[in-house]
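Please look through the model below before reading my points.

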Amino acid sequence: MKKNISFLRLVLLFVFATFLHGVVMAQTKKVTGVVKDEAGEALIGVSVQVKGTAVGSMTDFNGAYSIDVPEGSTTLVFSYIGMKTQELPISGELVSATLVSDTKELEDVVVVGYGVMKKRDLTGAVGSLKSSDLQSVSSNNALEAMQGKIAGLDISKTSGAAGEGVKINLRGNRSVWANNEPLYIVDGVDYGSTIDLNTSDIESMEVLKDASSTAIYGTRGANGVIIITTKRGKKGGTKNALVTYNGYISSNSPTKVPSTMTAEQDVDFLIEKARRGDYMSGDPVKVAKSENRANYSYTDVLGAGGQARALYEAGTSVDWFDEILNNSITHNHELSVVGGSENTAYNFSLGYLNENGLMKNDNLTRYNAKFGIDHKVAKGIDLGGSLLYTKRDWNRREDEVFSQVIKMHALSDILLDIPSDLAPAHTNPLINEREGYYQNNTQSDRIFGNAYLNIEFIKGLNFKTMFAADMNNSFKGIYEDYMITSRNQSNKETFISQEKTNEYNLTWDNTLNYALELKSGHDIQILLGQSTIMKESLYGMVSGDCGKEHYFSNSYYNLNNVTSFYQPQSSLTPENMESYFGRLNYKFKDKYLFQATYRADGSSVLSEGNKWGYFPSVSAAWRIKDEKFMQNVKLISNLKLRASWGVAGNAAVQPFGTLSTLVSDFQNNYSFGDVNSSGYVPGNLANKELGWETTSTTDIGLDFGLFKDRISGSIDVYFSETNDLLMYKTVPLTTGYTAAWENVGSTENKGIEIALNTVNVKTKGFVWSSDWTFSMNKDKVTSLASGLTQDLADPSQALVVGMPVMCFLDYESLGVWGTDEVAEAAVFGEHPGQMKLKDQNGDNLITDEDRILFNKSPKFIFGWNNHLSYKNFTLSILSHARVGQWIAYDLYDSFNPIVVDGTPNMDYWTPENQEAWIPRPGETSTKYSALNKVKASYLKVKDITLAYAIPKKLVSKIGLSNAKVYGSMKNFFTFSDIDNYDPEQEGTVSNPLMKQIVFGLNLQF
């Protein structure tokens, strides 16, 4: 009986198993398909998931997939990094998908202070660049990618030295002594202008321009805010990580470089100087000789023998710029991995940059490592963070070597320490290039990281806390041998210096965000926040002279070599800020928009009772296109009117700037009997009322689109006033001090910005589009301290009420007096060949009253970026212009024709060449500074890039999903009225800018 029961159990078990198998088989079905992109190319590694289940698959090298779909499932979810996630119904056994790029979706969202917003909902003036705009940037600083692409943003690169950054100004100048640069925010934290990020790590860069956008940053927002957001991983079930490589190599050479004289020109210059001396001598024989240039030869100025004559007769001629400048190679490599699962997303990247300048040992080596993670702990709870480590090894050259180069004689022997007997005081500038003679190295390690926790209490109510730390330790060593240019012409002793800086910045932000969407068409979003910032900088420097000795091997490391120490410097600088802020966004029927913000900042650097600053703003926008009366206007595809007003501040007060201080000074000694002791002298006069500079700005803007956005753009008109300017004001000597910081004066700033995007041609295979930017700005001083109308103490930064903020003060040169102007020149006590200055007040005297102002800022800036694409080829051409600015051109400062120096190749006056701008060699003047005020308008073709996307059918065979190669010509074409010079350098001759030929490669695995 028991055997029969056991047999029956086996039969029943078999029947049940068979039935269960049938049920399982009936509950699933196989679905296959192919996933492609918009171009019809197969996509590899696309995640295919049955919605609502853990069942998933992945596309192969042909974009094909196969998946067993449980019975009752109705939807497949296709997701891929860089593409929009797509959901498709399961309509049969074949479900194929075409994924589209996520770029447009990204462009529709911009990052603002402490959050993000749809571009259509913006009420302020915000410019934006996305990661696609950075793919061919060949610079150590990604900020350079914005040049010519953001209206109102004036970017210039003034030095071609390796590791140098860019100069940035947004909407003109407001401050006189304070910094006019914007605030730079990376992932929500103040980063500084040295952006050491890999460009491929950057998701977007936003520029907040008006006060309604920047007031949320309070005391730091008056000059605008640039927000950089880095890339994160992507959640959603992606099993395979996306691996990306971006790299380039560039060949670097000088752009336009001033030319020095040839040997022939050198001799001609000396002859003309001698000829002028004969003319002015009063000796009839010499005067008669001076009337004809043919009466002179090289023997008159080079003598019967000597080195210079021998070099001239041997045909030797030295081009000193050519000797000291060299072509170089720069290369950069970036590797990133991005991936994620249903609840976790991660990203990891490595970067290596080796940038070489145009001089020996002018280079920057940089290593980057970045890691980020975002994890969903539970429903409504997310946490994550990121960590960036940057190591820099930066070797710099001595700028002063160029001031020596431009006064060297062409008749020189480059192998000699004293290369020319025409100027025995000149040292050979190439000594600086000898191994070990000049060393300037900075080693730095920076850790920049943050961690966050986000909790959604109920739908729409989110609390986020974020803690960030920025730690930067650097060591700078300088070794200057007694034989190099700067030391040999001063105290002739070897010099060494050591500087150490340890900085840390801590930021703790807490924000509460509530979004409420009502059925009646009212949308409300409220942000409340608190921020704490703590900074500390520890600095120390020890330096001294080491006698007339070489210490190449010890370099700057051995302080025991110092025989005479300079005054040591050390400081501990703490700075803390506590802030509270809020923002209200209100939207009605998706077309009436309103925003209000308020921020209160309290800072440790100000005196008791005056530590807090308060910064409100309001803005509104009207989406006119969404009104019923516009629905039938097909010509207009977008139309929005914006208006804003707000107040932001400038945190320019230095720590301890409000306190009275004493400083040690080894030059102020006190005697105590027979003992001398160094003492202290008054440093800074206290000002317990010192407060923030504040800037109020009104902005009216119009966003528009025409012909289905074939033409789109924005126009902004703004006006701002800055009050309580921070200025170092002179005080009576009876106080024991010379000057003190005070809030005095005001400035005004107004302008117009136009950004235009046009699709010029669009056919099936060819697209040509253009981005245009135009900015015009006028700033002026409206008041100064104590009712003064001008402050002319510093001619390089002259201040006059009613005139631009940044100005030179100098005479206006009209050229050179000619031989047909003898009588006119005599009125001023001058004669032909001398510099002719304009008598501004007509009193027949050239005095200080005849000096005028020259505006350092451009009248307008312009950018024109063209994109042309044909099948897999793309061509981009970026042009950039700055018009109307004046510079102080260092080359003309070198003109000193009464000494034994050589001179650059300049067109100087002679009786046979009276149209020249430079006075006759040998003429003297105390007003030669007027020569160097030059109008420096220019137009550049900044970048030409041709790229080719290799067909995916080819690259997929080697395991790639995308591959692009490109070549660029950067900074090759500059048009200006200044010969042999790139005016973007703003007057400096040292470290000329580079033109680059770049070859790059972008790969995705």
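Is Asp121 buried or exposed? With a relative accessible area of 14%, Asp121 counts as buried, where buried means under 20% relative accessible area, exposed means over 50%, and partly exposed lies in between (1.4 Å probe, protein chains only).

1. On the basis of the note. This is a predicted model, in which local features need pLDDT of at least 70 and side-chain atom pairs count only at pLDDT 80 or more, while totals for chains, interfaces and linings use all residues. Residues are numbered from 1 along each chain as its sequence is written, and side-chain values use heavy atoms, with hydrogens and water left out.

2. Side chains of opposite charge can pair when their charged atoms come close. A salt bridge here is a side-chain nitrogen of Lys or Arg within 4 Å of a carboxyl oxygen of Asp or Glu, and a search of the whole structure finds 48 of them. In one of these, Asp121 is joined to Lys587, with the closest N and O atoms 3.2 Å apart. Asp121 lies in the loop between strand S9 (115-118) and strand S10 (126-130), and Lys587 lies in strand S27, so the pair ties together parts that are 466 residues apart in sequence. Lys587 is buried too, at a relative accessible area of 15%. Helices (H or I, at least four residues) and strands (E, at least two) are DSSP runs, numbered from the N terminus.

3. On a second salt bridge. Arg275 and Glu912 also form a salt bridge, their closest N and O atoms being 2.7 Å apart. This pair links distant parts of the chain, since Arg275 is in helix H4 (residues 263-281) and Glu912 is in the loop between helix H12 (890-893) and strand S48 (933-935), 637 residues apart. Arg275 counts as buried because its relative accessibility is 1%, whereas Glu912 is exposed, with a relative accessible area of 53%.

4. On the largest nonpolar core. A nonpolar core is a set of buried Ala, Val, Leu, Ile, Met, Phe, Trp, Tyr and Cys residues joined through side-chain atoms within 4.5 Å. The largest one has 29 residues, and those that touch the most other members include Leu143, Leu153 and Ile168. Among the elements giving two or more residues to this core are strand S11 (153-156), strand S12 (167-170) and strand S15 (202-208), and S15 gives the most, with 3 residues.

5. On strand S11. Leu153 and Ile155 point one way from S11, while Asp154 and Ser156 point the other way, and all are buried. S11 and S12 pair in the antiparallel sense over 4 bridges, where two strands pair if DSSP finds at least two bridges between them. In this pairing, Ile155 stands opposite Ile168 in S12.

6. On two backbone angles. Most residues other than glycine have a negative phi. Asp590, although not a glycine, has a positive phi of about 60 degrees, and its place is in the loop between S27 and strand S28 (592-603). Phe707, also not a glycine, has a positive phi of about 55 degrees and sits in the loop between strand S33 (693-706) and strand S34 (711-723). Asp590 counts as partly exposed because its relative accessibility is 30%, and Phe707 counts as partly exposed at 46%.
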